[in-house]
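Q: Could you take me through this structure one feature at a time, giving the general idea before the particular case?

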Amino acid sequence: MDHIVTVQDAVTAFADFMEPTDAELDAIEQEMPAFLADVDLLDAQIITLDRTPTELDVRRIRRARRRLLAALANQATDVHRGGAA
């Protein structure tokens, strides 16, 4: 006889093992500034997809790009130093 398992039982059967570890949560927290800066850059670029960028749009994209590069540089520095203090 075959046993029938509901999808909910199959998904929640291993729920305790699927939680992120503290190390994974720390890594996510370290990457968050770069992630948010990337979202800001994408937002600025999306705004200009259907129109000619104005000077304000160009400045917004430039600032967002600089924030992303700074966040990535800080993230690389933290990794090089062995993580945040």
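A: From the N terminus on, the elements of the protein chain run α-α-α, which comes to 3 helices and 0 strands, where helices (H or I, at least four residues) and strands (E, at least two) are DSSP runs numbered from the N terminus. This is a predicted model, in which local features need pLDDT of at least 70 and side-chain atom pairs count only at pLDDT 80 or more, while totals for chains, interfaces and linings use all residues. Residues are numbered from 1 along each chain as its sequence is written, and side-chain values use heavy atoms, with hydrogens and water left out.

Q: At what angle do the axes of helix α2 and α3 cross?

A: Two packed helices are described by the angle between their axes and the distance between the axes. Here the axes of α2 (residues 22–47) and α3 cross at roughly 160° and come within 8 Å, the axes being lines fitted to C-alpha atoms, for helices over the stretch in contact, with angles from 0 to 180 degrees between N-to-C directions. That makes α2 roughly antiparallel to α3, a term for angles over 145 degrees.

Q: Which residues of α2 and α3 meet?

A: Contact means heavy atoms within 4.5 Å, and the residues that meet include P33, A37 and L41 in α2 and I61, A64 and L68 in α3. By class, the contact of α2 with α3 has 11 nonpolar, 3 polar and 9 charged residues, where Ala, Val, Leu, Ile, Met, Phe, Trp, Tyr, Cys and Pro count as nonpolar, Asp, Glu, Lys and Arg as charged, and the others, Gly among them, as polar.

Q: How many salt bridges does the structure hold?

A: A salt bridge is a side-chain nitrogen of Lys or Arg within 4 Å of a carboxyl oxygen of Asp or Glu, and the structure holds 2 of them. One joins the side chains of D57 and R51, at 2.9 Å from N to O; in the other, the closest N and O atoms of R59 and E55 are 3.9 Å apart. R59 and E55 both lie in helix α3 (residues 55–81), 4 residues apart, about one turn of the helix.

Key. Parallel < 35°, antiparallel > 145°, perpendicular 65-115°, else oblique.
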